[in-house]
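Hello,

Here is the structure I promised to pass on to you. Please open it alongside this email, and I will walk you through what turned up.

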Amino acid sequence: MRKLSLFLFLFTILLFSCSTEKNRFINRAYHSINTKYNGYFNAREIYNNSLKTLSDAHLDNYEEVLSIFQYGNSQNRSTLSSNMETIYEKCSRVIRKHSMDINGVEYNRYIDNAYFLIARSHFFKDDFNLAIIMFEYVIRQYDTQLKYESMIWIAKARHQLEQYDRAAEMLELVEQRYEQGLLENNAKQLYYLVRADHNIRTEKYGIAAEYLNNGIRLTKNREYRTRLTFILGQVYYRAENFYDAQRSFARVLRMNPDFDMAFRARINMAMSYDPRMENVKEVREGLYRMLNVDRNRDYRDEIYYALGMLELRQGNESSAIDYFLESTRVSERNDFQKGLSFLRLGELHYEMPEYYKASVYYDSVVTFMSRDYDDFERIQKRQKLLFELASYIRIIEREDSLQRLAGMSSSERNKIIDGIISELREQERLEREKERERQRQMQQMRGRDAGRAGQRDGNGGWYFYNTTAMNFGKTEFYAKWGDRPLEDLWRISNKQMMSFGFDPDDPDAPLMDDEPVDKLSRDTYLANIPSSEEDIKNSNNRIANAYYNKGVIFKTRLNDKENAVGSFNTLIERFPEFEQKIYAYYYLYTINMSSGNASMADVYKNRIISEFPDSDFAKILKDPDYAKNIIERRSRAERVYQQTYNAFYAGNYQQVINYSSQIDTLEMDKPIKARFLYLNAMAQGKMDETLEMKQQLAYIVEHYDGTGVHDRALTLLNILNERAMIAGTTETDEKEVDEEEIDHFESIYTYNPDDIHFFAIVIESNYIQLRDIRNKLNSYNRDEFPDENLSLSNINLNVRQQLITVTNFKGKEKALDYYGSLFENEVLVDFDIMHYEAFVISVENYPTFYQHKDLSEYLDFYRHYYFK
């Protein structure tokens with residue numbers, strides 16, 4: 001009986017303590033303990049483990065200032081998306097079950113931690129705008145230290161969005177709270193480090209060093225403190241404060257860092273010398289001593305790179321090139337360093353300029369350099385440009401060489417070819433010797449690693465999670481094949497025969513049979529030599545086109561006027577009958593005009609007028625208004641098309657058809673006329689004029705091959721024909737839909753027109769470049785809404801679509817007004833309406849949409865409520 005009474009007593013206490021609406025000690029204790037040690041505790045553990053995973057996956061690029069925060073890249077963070085979803089769900093459940101918000105006051109002291117953790121989970125899902133909204137909520141609702149930490153995290157989110165001005169504004173507010181003594185040590189340390197990160201990102205290295213020093217003093221973790229001290233040395237180096245840079249790197253060495261960081265600290269100490277101190281000999285000898293240490297054998301490429309940079313700082317380009325080349329020669333496993341050394345070689349030859357050599361080096365850069373390198377996109381763009389230029393240079397060299405061979409006697413020609421074959425044989429012999437030596441060395445490594453593999457820990461698991469097994473497999477590959485670059489046809493040792501322009505892989509080379517190429521046969525080379533007048537004519541055409549294209553690249557893409565003039569003049573002198581000579585004349589005219597050489601410009605102007613009197617160029621040069629009239633007529637066509645486009649997007653399909661009727665009265669090029677007809681066809685379809693739509697599409701398919709809409713018109717026409725065959729009829733009875741049925745609309749979304757809204761646009765990444773549309777929107781927001789504090793961000797919706805958002809708008813009307821202004825001001829006119837979908841969405845519906853990722857489902861809801 002006593003046990004029963006005790007049980008009933010405890011049950012009664014538990015029952016009354018469950019209430020979240022009573023502000024009593026027992027209630028507060030119950031819900032606080034359940035929050036701290038149940039859902040929130042588990043969520044926090046997942047969060048901490050996830051950050052450890054990110055830190056471990058973070059790759060450091062010692063060529064750049066190391067990241068203060070080891071958060072990896074967006075791809076690394078995307079792997080933790082499910083963890084962040086779990087954190088969100090657990091914390092949301094905690095808030096729903098244990099929040100004691102009574103009359104606007106929260107009596108559960110751990111609920112703010114749950115909201116703060118939710119905000120950070122959004123941050124690590126790369127949904128920075130939603131994270132900011134959640135941090136702002138914490139700031140408004142809770143007067144605790146998390147308020148100030150949330151302000152700092154907002155600045156971090158602004159950094160990720162590259163909104164540095166707005167990040168600075170928030171950090172200034174935090175500084176005011178700091179000066180008022182409101183920040184505790186944890187918040188102070190975070191503030192110092194974020195402020196240092198901000199100044200590093202904006203390249204204010206002197207200021208960054210001050211904040212970083214303060215942050216280091218408050219950092220307790222020894223490993224992290226060592227990393228921050230290394231970053232401090234890099235920051236001093238960038239600020240050209242070489243004395244303090246050397247002191248910082250020396251301090252790193254006293255902190256017992258890992259081998260990589262210790263090695264790089266020594267390298268950077270050598271690099272951080274002041275040229276005015278005249279101690280370059282001492283620095284150079286220090287690097288030479290490092291070369292002689294056996295343990296540094298695998299790092300010789302980095303040491304030679306440091307020597308090259310040292311010479312470059314001294315202005316000794318020739319010596320720098322020698323060291324960079326040696327760095328690439330001795331580099332065996334460090335593809336990044338090899339790519340970096342090739343990059344310096346490419347940059348030096350590009351500036352000389354020696355474009356052909358620069359092209360060879362940039363080709364190597366993109367082979368070895370990681371795609372994650374910050375500047376990789378710019379490097380790849382330059383590589384493609386130089387590769388194109390080099391291809392024209394090779395065409396000229398090859399065709400000239402082949403024509404020289406054609407003009408020789410048989411004995412002279414055979415002697416040269418036999419010399420090429422002899423060199424190839426010697427090259428193959430040396431390659432075989434190198435291969436044998438490689439295999440011998442790798443076989444030794446294989447034996448050592450096989451022994452290690454036998455001592456595995458028994459964990460088992462998938463092969464790619466087993467580091468020992470992967471290393472063993474890698475060693476086996478090296479033992480058999482050597483250290484090969486990642487490239488197509490990697491098993492082939494020698495893929496080119498460049499002597500006398502023979503290169504079977506060159507797309508511009510004369511076509512050969514599909515039989516295997518015997519590089520050691522004289523007949524292989526003789527087959528490419530032009531032997532008839534027709535062959536010589538074709539060869540000359542290839543040379544002339546190469547000179548012309550080379551000149552265009554120099555003029556329009558490299559802004560190298562001297563080389564452009566040389567290419568165009570050589571073209572005109574060697575091939576006076578070249579069919580595009582007028583363009584060469586006009587380029588030479590514009591180059592001389594821009595260079596202030598009016599007399600030479602007149603020479604080419606007169607040649608155009610006299611040799612091509614009926615051309616547009618001649619008419620433009622004689623009458624400047626001629627060009628203006630052409631532009632005005634074409635501009636009018638563009639304006640009418642834009643009006644047609646806007647009418648279609650606004651759903652005014654009859655207006656589209658009316659505009660399209662003006663086609664024959666406008667002067668326009670074929671591509672824009674095709675776009676007019678395609679819009680007209682789409683408008684006919686929207687008005688249920690299926691027959692007219694099909695006729696218009698068929699006309700486009702027949703007459704506008706090669707335009708941007710041809711393939712789309714063909715695809716759509718095929719779909720319509722298939723549907724007609726399946727249905728067996730083109731007419732269906734329309735059903736009347738009851739108004740009550742329309743109003744009854746079930747959805748996972750909620751309609752709240754007064755809620756904060758986002759403008760959103762989903763683009764197909766294969767058709768629309770993310771950078772282009774971001775630039776358009778950012779520019780428009782900056783020019784038209786400078787005081788609205790609009791922010792723009794993007795995130796992957798799925799593998800083929802990107803979601804871009806512009807925030808924040810107070811209510812749906814403001815968001816829709818912004819949406820309409822985009823089209824009134826033709827902001828998105830350059831992007832195909834078929835490959836993006838724009839809409840507005842409330843902040844409440846945004847997480848649901850992103851979680852479900854069903855665009856059509858949201859659009860059904862959107863069209864029902866927002867256009868009722």
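The structure holds 27 salt bridges. Please keep in mind that this is a predicted model.

**Charged pairs**

Side chains of opposite charge can pair when their charged atoms come close. How exposed is each partner? Glu347 counts as partly exposed, since its relative accessibility is 24%, while Arg344, with a relative accessible area of 12%, is buried.

For another pair, go to Glu399 and Arg398, whose side chains meet in a salt bridge at 3.4 Å, N to O. Are these residues buried or exposed? Both Glu399 and Arg398 are buried.

Next, please find Lys776 and Asp830, where the N to O distance in the salt bridge is 3.0 Å. This pair ties together distant parts of the chain, as its members are 54 residues apart. Lys776 belongs to helix α34 (residues 770-784), whereas Asp830 lies in the loop between α35 (812-824) and β6 (836-842). Lys776 has a relative accessible area of 32% and is therefore partly exposed; Asp830, at 54% relative accessibility, counts as exposed, because the cut-off for that class is over 50%.

Some salt bridges also share partners: Arg344, Glu347, Asp375 and Arg378 are joined in this way into one network.

**Enclosed space**

Rolling a probe the size of a water molecule over the atoms shows where empty space is left. How many cavities of 30 Å³ or more does the structure hold? There are three of them. I looked into the second largest cavity, which has about 50 Å³ of space. Which residues line the second largest cavity? Its lining is made up of Arg297, Asp298, Arg300, Asp301, Val330, Ser331, Glu332 and Arg333.

Enjoy exploring it!

Best wishes

Note on methods. Residues numbered from 1 in each chain as written. Predicted model: local features only at pLDDT ≥ 70, side-chain atom pairs only at ≥ 80, totals over all residues. Heavy atoms only, no water. 1 Å grid on protein atoms, 1.4 Å probe; cavity = no way out; pocket = protein on both sides within 12 Å on 5 of 7 lines; lining within 4 Å. Points joined across faces, edges and corners; volume = space filled by probe spheres on them. Salt bridge = Lys/Arg side-chain N within 4 Å of Asp/Glu carboxyl O. Buried < 20%, exposed > 50% of the residue type's maximum accessible area, 1.4 Å probe, protein only. Helix = DSSP H or I, 4+ residues; strand = E, 2+ residues; numbered from the N terminus.
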